[in-house]
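Hi there,

Here is the structure I promised to pass on. My notes follow below it.

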Amino acid sequence: EASSAIGGNSASLVMDATDLYWADWANVWTKPIGTGATAPVATSLVNFSGLLDIYANDLYAMTYVGNTSNSIAKIAIADGSMTDIITLPWYSRASIEVDASGVYWTNMTDAVIGKSQHDGSAEVTLAAGLNSPHSLILDSGTLYWAESNGIKSMSTLGGAIATIAENVSPEYMTKDSTNFYFSEEVGSPAYYEYYIKSVSISTGVVEVLSKIDLNSNNYIRGILVDDAHLYLLISGNQYYTPLGRILKYEKSY
């Protein structure tokens, strides 16, 4: 579907109705879904460590300051300008979702899910005491996320937390109306090997869809789904081949 000289082995992938956006430590690219050329949105960003979500005319990203803190920033799609809105602790590894009411994020260091307005104001904690929350998904008034040992959900207002599936360890996760889809590393010593799995939302049944063998210096760094396809972001290193790329799979496999 696309490829680019991703700088370093950290990257992320988001999409809207017409375009894909992906990023690494210092750059953001875009490409129409299907046909069309890859083009830069922003390059040579300082203290930038990945793209997280898209809403309206902005991309939301994670930045860092040395080894002291992370931040959530907004990047204007029109000109690539970036503004920090939320400060997080170091190695929080935020994942983020945005809707008309504000910004939601996970904070692995503090084990919480938070929310703020689009400019970072009115920050609140929606859930605390979680187990390494990541891969946040927002759908129809519900937040879904992965933890170290399962998939959980709660209302966007906070409150009771439900368990969707247990004994799974999603790294990157997405969902459609019937299933979650996620990548899970096979485990030592099988480095660079991943399972792609699905979990039924209604039953919690886990199914292995595929096993992917990657080259050294390649890792899965994002997964998205639309009506017909799964999109996997494979991070690379600009100094080694193969370069980072986006793989597209038929969802039915």
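Is Trp 29 buried or exposed? Trp 29 counts as buried, at 12% relative accessibility; buried means under 20% relative accessible area, exposed over 50%, and partly exposed in between, with a 1.4 Å probe and protein chains only.

Before the rest, a word on the source: this is a predicted model, in which local features need pLDDT of at least 70, side-chain atom pairs count only at pLDDT 80 or more, and totals for chains, interfaces and linings use all residues. Residues are numbered from 1 along each chain as its sequence is written, and side-chain values use heavy atoms, with hydrogens and water left out.

**Aromatic pairs**

Rings of Phe, Tyr and Trp (its six-membered ring) pair if their centres lie within 6.5 Å; planes under 30 degrees apart count as stacked, over 60 as edge-to-face and the rest as tilted. Trp 22 and Trp 29 are stacked, 6.3 Å centre to centre with 25° between the planes. Trp 22 is buried, with a relative accessible area of 1%.

Tyr 144 and Phe 180 have ring centres 5.3 Å apart and planes at 65°, so this pair is edge-to-face. It links distant parts of the chain: Tyr 144 sits in strand 15 (residues 142-147) and Phe 180 in strand 19 (residues 179-187), 36 residues apart. Strands (E, at least two residues) are DSSP runs, numbered from the N terminus. Both Tyr 144 and Phe 180 are buried.

**A hairpin**

Strand 22 (residues 219-225) has 6 of its 7 residues buried. Strand 22 pairs with strand 23 (residues 229-235) in the antiparallel sense over 6 bridges, where pairing requires at least two DSSP bridges between two strands. The hairpin joining them runs through 3 residues, and Gly 222 has Leu 233 as its bridge partner in strand 23.

**The largest pocket**

Strand 22 also gives two or more residues to the lining of the largest pocket, as do other elements including strand 6 (48-55) and strand 7 (58-65). Of the 49 lining residues, Ser 12, Leu 52, Ser 95, Tyr 172 and Arg 221 are the closest to the pocket centre. On a 1 Å grid over the protein atoms alone, a pocket is an open set of points where a 1.4 Å probe fits, with protein on both sides within 12 Å along at least five of seven lines; lining residues have an atom within 4 Å of a point.

Enjoy exploring it!

Technical notes: Helices (H or I, at least four residues) and strands (E, at least two) are DSSP runs, numbered from the N terminus.
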